[in-house]
Amino acid sequence: MLQGGNGERDSFSNKFGVLAALAGSAIGLGNIWRFPYVVGQNGGGAFLLIYVIFVAAIGIPVMMSEFVIGRSAQLNPVGAFKKIAPGTKWHLVGMLGVVSVFIIFAFYTVVAGWTLEYVVQSIRWILNPEKFGFASMDNAALTQFFSNHYESFTSGLWRPIIWFVVMMLLTGYIVISGVKNGIEKFSKILMPVFLVLLLILVLRSVTLEGGRQGLVFLFKPDFTHFKEAPFRIILEALGQAFFSLSIGMGTLITYGSYIRKKENLAGTAISVVVADTSVAIIAGLAIFPAVFAFGIDPGEGPELVYKTLPVIFQNMPGGLIWAFMFFLLLCFAAITSTISMLEVIVAYFSEQLNMSRKKATILSMISVGFLGILCTASSDVFGFFNASPDLMLPLGGFFIVVFIGWFFARDKSKKELSSEGSYKIRYHSLFMFLVKFVAPLAIAFLFALGVYSKVITLFPGLG
Ligand code: PHE
């Protein structure tokens, strides 16, 4: 097992382990909770189209760059830059990553805690259907019921805090157990089960009467909404792509450092990106038909999943048993992501500050814990942090591709990507072109315009 920076370094054991852990990190609340409501708020199909372009053209090169940095250095994001670019300021990019992870981890774990509330409540709902009178409710009444539940839960003080702490402890437990015996082991079990359940749900949702409109909304690019605030929407698509792929903050530098030398990095990156994007679209397929069938506003926001899905479940044979299973599995998908965030901070503390893994884990949990509790208590803090990926991650991603494109020797990235010549990498020139020019220019340009348009919306006087 990995003990601080000394001894043999822990790693993922085989290809399936690598994919489970990486897909586990990428697939999570970002796909099932954040993606549908961001799509809903930004006009549907047009947003999806831009999103997919960003994922392919920018996401893949950034992800491969993180793998190259992590695996060649065999260290956490800060240590990695210190090792491969000694005596420079590049390690600050690693530091920016650790700070971004810190912030995202806090609000993410709050929302992950909500899934536990819903797991427990579904049990109550299943056991006492008469008490809640579900049988006599039509869809409008059901929607009202679940909306009320959501509001009263999230505005309360203690329950969100308790569930947050529970999530944090579960995450800590897995991370303390190590990369292979904790992270990999849990991801291999939790991810496949999650996928099967999601598919069943989609089948139910797309066959709902009146659901067709939801498919049109998701897949038909309609640029009317887009024209109102194109640059803000573009930046949100970029931020969502980074968030969903877990890139731009060194999570995949850290996981990359646990990938064994013989694994093919490009193939791994492509598989993870395809899996993550498919799951986001599948989640959209589960949600939008139901949203339209039940007359819910797709632009509702972060509460979309928590208010909408229970109504679909109640419409299925077996009813809220599905809700129970779904929220349990959403919680699993979230845990395979929270462990990847905690691992970044733990690797940083243990390797850079020379702590034991256990001490590093406990210290990280306590420090993130304060921030998380602040998020549960104030919707402003929560909203602020939830919006931060749009800005921090593209910035981190920009420096990562610039580093690989311009400062990391070309033959070194070739050596790493080809696993010292074991794989033919005819794509290397294309990769270099993407990380040198396309990705950095695109990110810089979109970032600048996006920030400009956000500022203009906040301070209209400047425009
Ligand atoms: N990619 C994860 C998701 O979509 C979130 C995440 C962000 C995970 C940052 C790790 C680091 O849910």
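## Basis

Local features in this predicted model need pLDDT of at least 70, and side-chain atom pairs count only at pLDDT 80 or more, while totals for chains, interfaces and linings use all residues. Residues are numbered from 1 along each chain as its sequence is written, and side-chain values use heavy atoms, with hydrogens and water left out.

## Ligand shell

Helices are DSSP runs (H or I, at least four residues), numbered from the N terminus.

Ala, Val, Leu, Ile, Met, Phe, Trp, Tyr, Cys and Pro count as nonpolar; Asp, Glu, Lys and Arg as charged; the others, Gly among them, as polar.

## Polar contacts and burial

Tyr 108 places a polar side-chain atom 2.5 Å from a ligand oxygen. Ala 26 uses a polar backbone atom, 2.8 Å from an oxygen of the ligand. Ser 246 has a polar side-chain atom 3.0 Å from a ligand nitrogen. Taken alone, the ligand exposes 320 Å², and the protein buries 100% of that. Areas follow the Shrake-Rupley method with a 1.4 Å probe.

## Largest cavity

Two cavities of 30 Å³ or more turn up in the whole structure. A cavity is a set of points, on a 1 Å grid over the protein atoms alone, where a 1.4 Å probe fits but cannot get out; lining residues have an atom within 4 Å of a point. Volume is the space filled by probe spheres set on the points.

The ligand takes up the space of the largest cavity (more than half of its atoms lie within 2 Å of the grid points). This cavity holds about 120 Å³. Its lining has 15 residues, with Ser 25, Tyr 108, Phe 243, Ser 246 and Met 341 nearest the centre. α1, α2, α5 (91–127), α12 and α16 each give two or more lining residues. α16 has the largest share, three. The lining divides into seven nonpolar, eight polar and no charged residues.

## Second cavity

The second largest cavity has about 40 Å³ of space. Its lining includes Phe 81, Val 93, Gly 248, Met 249 and Ile 400. α5 and α19 (389–407) each supply at least two lining residues, and α5 gives the largest share, three. Five lining residues are nonpolar, five polar and none charged.

Definitions and conventions:
A polar contact is a pair of N or O atoms within 3.5 Å; within protein, one must be able to donate a hydrogen and the other to accept it, and residues adjacent in sequence count only if both atoms are side-chain atoms. On a 1 Å grid over the protein atoms alone, a cavity is a set of points where a 1.4 Å probe fits but cannot get out, and a pocket is an open set with protein on both sides within 12 Å along at least five of seven lines; lining residues have an atom within 4 Å of a point.
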